[in-house]
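Here are my notes on this structure for your first reading. Please keep the sequence beside you and check each point as you go.

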Amino acid sequence: MERKGRTFDVLGQLGSLRRYARSLVRNADDAEDLVHDALVRAYERKASFRRGANLRTWLLSILHNAHIDRLRHKRSLDRRHEEAAAEFEPALPASQDHVVRLSQVREAFFSLPEEQREALHLVAIEDLSYQEAAAALGIPLGTLMSRIARARASLRNFEAAPKISHLRLIEGGGNENN
């Protein structure tokens, strides 16, 4: 004869629940968390348990469903993180191209005549106003503006000039059809 309250004896089912949870998640700590979540759900849904039904089967079913819910949640979270990472991860060009390009610009800058390079450096790099740069160089404002204009024109010409590579294609690489 069952005493009142013994029909919902979850303590007697802890061993089965823990074993099943460990087999599902393969980690003792995660298994304990899963058992805890399942027991909380079982307590919240205690009224839905039918007297005379198999308590062990009911609890294992709840545990299984809790595990499936966790897997779905994890997949959803992983997918959202991947999408967010893809959206916010800037695509950068290969650093080799950037280094080569920077080297070319630096070479062009240093090939400018000294007075043009000084004027352009003060205005473009040091962010001085034309008036401040002219005062720093001790030259009239018009002369500074002329030097900067000539320096910029030289750099534009450098940009427009065709790049001649030291590499050349050699025929006979074995890809021709005879």
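1. Some terms come before the first residue. Buried means under 20% relative accessible area, exposed means over 50%, and partly exposed is in between (1.4 Å probe, protein chains only). The areas themselves come from the Shrake-Rupley method with a 1.4 Å probe, and for residues only the protein chains shown count as cover. At 33% relative accessibility, Asn 27 therefore counts as partly exposed.

2. This is a predicted model, in which local features need pLDDT of at least 70 and side-chain atom pairs count only at pLDDT 80 or more, while totals for chains, interfaces and linings use all residues. Residues are numbered from 1 along each chain as its sequence is written, and side-chain values use heavy atoms, with hydrogens and water left out.

3. The protein has seven helices and zero strands. Here helices (H or I, at least four residues) and strands (E, at least two) are DSSP runs, numbered from the N terminus. Of the 178 residues, 20% count as buried. The protein exposes about 14100 Å², and carbon and sulfur atoms supply 53% of that area.

4. Where is Asn 27 found? Asn 27 sits in the loop between helix H1 (14–25) and helix H2 (28–44). A polar atom of its side chain lies 2.9 Å from the backbone nitrogen of Asp 29.

5. A nonpolar core is a set of buried Ala, Val, Leu, Ile, Met, Phe, Trp, Tyr and Cys residues joined through side-chain atoms within 4.5 Å. The largest one has 17 residues, and those touching the most other members are Phe 8, Ala 21, Val 35, Leu 55, Trp 58, Leu 59 and Leu 63. H1, H2 and helix H3 (55–88) each supply at least two residues of this core. H3 gives the most, with six residues. Another core, of twelve residues, lies apart from it and includes Leu 112 and Ile 139.

6. Which residues of H3 are buried? They are Leu 55, Trp 58, Leu 59, Ile 62, Leu 63, Ala 66 and His 67. The buried residues of H3 pack against H1 and H2, where contact means heavy atoms within 4.5 Å.

7. The length of H3 can be checked. The expected span is 1.5 Å times one less than the number of residues. The 34 residues of H3 should therefore span 50 Å, and its end C-alpha atoms are 49 Å apart, which agrees.

8. A salt bridge is a side-chain nitrogen of Lys or Arg within 4 Å of a carboxyl oxygen of Asp or Glu. The whole structure holds four salt bridges. One of them joins Arg 18 and Glu 32 (2.9 Å, N to O). Arg 18 lies in helix H1 and Glu 32 in helix H2, so this pair ties together parts that are 14 residues apart in sequence.

9. Asp 37 forms a salt bridge with Arg 70, with the closest N and O atoms 2.6 Å apart. Asp 37 lies in helix H2 and Arg 70 in helix H3, so the pair ties together parts that are 33 residues apart in sequence.

How values were computed:
A polar contact is a pair of N or O atoms within 3.5 Å; within protein, one must be able to donate a hydrogen and the other to accept it, and residues adjacent in sequence count only if both atoms are side-chain atoms.
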